[in-house]
Amino acid sequence: MKKTKTITTDDILLKLCQSFSGVLSTATETSINYSAMVQKINKTSLKPDIGCFVLFDGGFTGLVVANFSQHAALELYQEYMLKMGIPADELAILHTSDDVSNVLGELMNQVIGDFTSKIRRELQISIMQNQPKMLALNKQILLSVDTNLDRPQARRVSFTTQKNNIFYLELAMDKTEFIQIEEFEQHADVDPDSLIEEEQNKKTASNEPKSAASVSQSEQDLLDELGI
């Protein structure tokens, strides 16, 4: 009898943690790590100094919250901008700056995009996300999607930046299990940049002048056809 494979809520949380760590590490070219211990919580909330939340729906419903200290937010923002070639003296120095919120919002969008792609590829289900909302806060705000969930579960995971600044990821979703009953092939993600580059290379190759040898051969074939 064929063994079945079960994916639980905590497995989905692990995939989300991997997306956070992988995308932020690549975007900032620094090391972003998460704790191996996960905390069960009753409610998700936005906390100072910068909070961000994203709702997703589709194959399952949930809420992702990220809470950054001002030091963690500034480190991620500055490392990302420096990698993009922005001079250090042009960077924002306050976590309340719009530039910091905009950059963290873009990074969160990349993280959740990577997560939804991973879910689609590995679980063969589709989830949709809204645009991440970033807020600079000086007090805690409770968030809940309990009205949409029958058996809500919430988890908190701590992350550490390369400079040992801490930020937290919170996930709320329905208690669920996905059971694999058939084997299937996981298709690799398609990189849009690679596709564009490949297409440009094809166009360049097709526009290149033919070599003298190939032109001569074509001319000879034509002469042969004409019987000359």
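Where is Glu29 found? I looked this up in a predicted model. Glu29 is in the loop between H1 and strand E2 (33-34).

**Entry 1**

I checked the backbone angles at Glu29. Phi there is near 55°, a positive value in a residue other than glycine. I also looked up the accessibility: Glu29 has a relative accessible area of 60%, so Glu29 is exposed, the cut-off being over 50%.

I found a positive phi at Gln124 too, near 60°, again in a residue other than glycine. Gln124 sits in the loop between H3 and strand E7 (127-129). With 51% relative accessibility, Gln124 counts as exposed.

I then went through the peptide bonds. The bond from Pro48 to Asp49 is cis, and its omega is near 15°. I placed Asp49 in the loop between strand E4 (44-46) and E5.

**Entry 1: nonpolar cores**

Which residues touch the most other members of the largest nonpolar core? I noted Ile12, Phe20, Phe60, Leu104 and Phe167, in a core of 47 residues. I listed the elements that each supply at least two residues of this core: helices H1 (9-28), H2 (70-83) and H3 (98-123), with strands E5 (50-58), E6 (62-68), E10 (152-160) and E11 (166-174). H3 gives the largest share, ten residues.

I took Leu104 as an example. Not counting residues up to four places away in sequence, Leu104 touches Ile50, Phe68, Ala73, Leu76 and Met134. I also found a second, separate core, which has nine residues, including Ile41, Phe53, Val65 and Ala154.

I looked at Ser45, which lies in strand E4. Is Ser45 buried or exposed? At 3% relative accessibility, Ser45 counts as buried. Apart from neighbours within four places in sequence, I count as its contacts Val65, Asn67, Gln140, Ile141, Leu142, Leu143 and Glu170.

I looked at Leu91 next, in the loop between H2 and H3. Leu91 is buried, with a relative accessible area of 12%. What does Leu91 touch, not counting residues up to four places away in sequence? I noted Tyr77, Gln78, Met81, Leu82 and Ile86. For Leu91 and Tyr77, 14 residues apart along the chain, I recorded a C-alpha separation of 8.7 Å.

**Entry 2: aromatic pairs**

How many aromatic pairs does the structure hold? I found seven. I describe such a pair by the distance of the centres and the angle of the planes. Why is the pair of Phe56 and Phe60 edge-to-face? The ring centres are 5.5 Å apart and the planes stand at 90°, and the cut-off for edge-to-face is over 60 degrees.

**Entry 3: salt bridges**

A search of the whole structure gave me seven salt bridges. Side chains of opposite charge can pair when their charged atoms come close.

Lys15 bridges to Glu122, with the closest N and O atoms 2.5 Å apart. This pair links distant parts of the chain, since Lys15 is in helix H1 and Glu122 is in helix H3, 107 residues apart. Lys15 counts as buried at 12% relative accessibility, whereas Glu122 is partly exposed at a relative accessible area of 21%. I also found Lys15, Arg121 and Glu122 linked in a network of salt bridges.

Lys118 and Asp114 meet in a salt bridge at 3.8 Å, N to O. They are four residues apart in helix H3, so about one helical turn separates them. I noted Lys118 as buried, at 10% relative accessibility, and Asp114 as partly exposed, with a relative accessible area of 28%.

Arg156 and Glu170 form a salt bridge at 3.0 Å, N to O. Here too the pair links distant parts of the chain: Arg156 is in strand E10 and Glu170 is in strand E11, 14 residues apart. Arg156 counts as buried at 18% relative accessibility, and Glu170 is buried at 0% relative accessible area.

Methods. Residues numbered from 1 in each chain as written. Predicted model: local features only at pLDDT ≥ 70, side-chain atom pairs only at ≥ 80, totals over all residues. Heavy atoms only, no water. Core = buried A, V, L, I, M, F, W, Y, C linked by side-chain atoms within 4.5 Å. Buried < 20%, exposed > 50% of the residue type's maximum accessible area, 1.4 Å probe, protein only. Contact = heavy atoms within 4.5 Å. Phe/Tyr/Trp six-rings, centres within 6.5 Å; stacked < 30°, edge-to-face > 60°. Salt bridge = Lys/Arg side-chain N within 4 Å of Asp/Glu carboxyl O.
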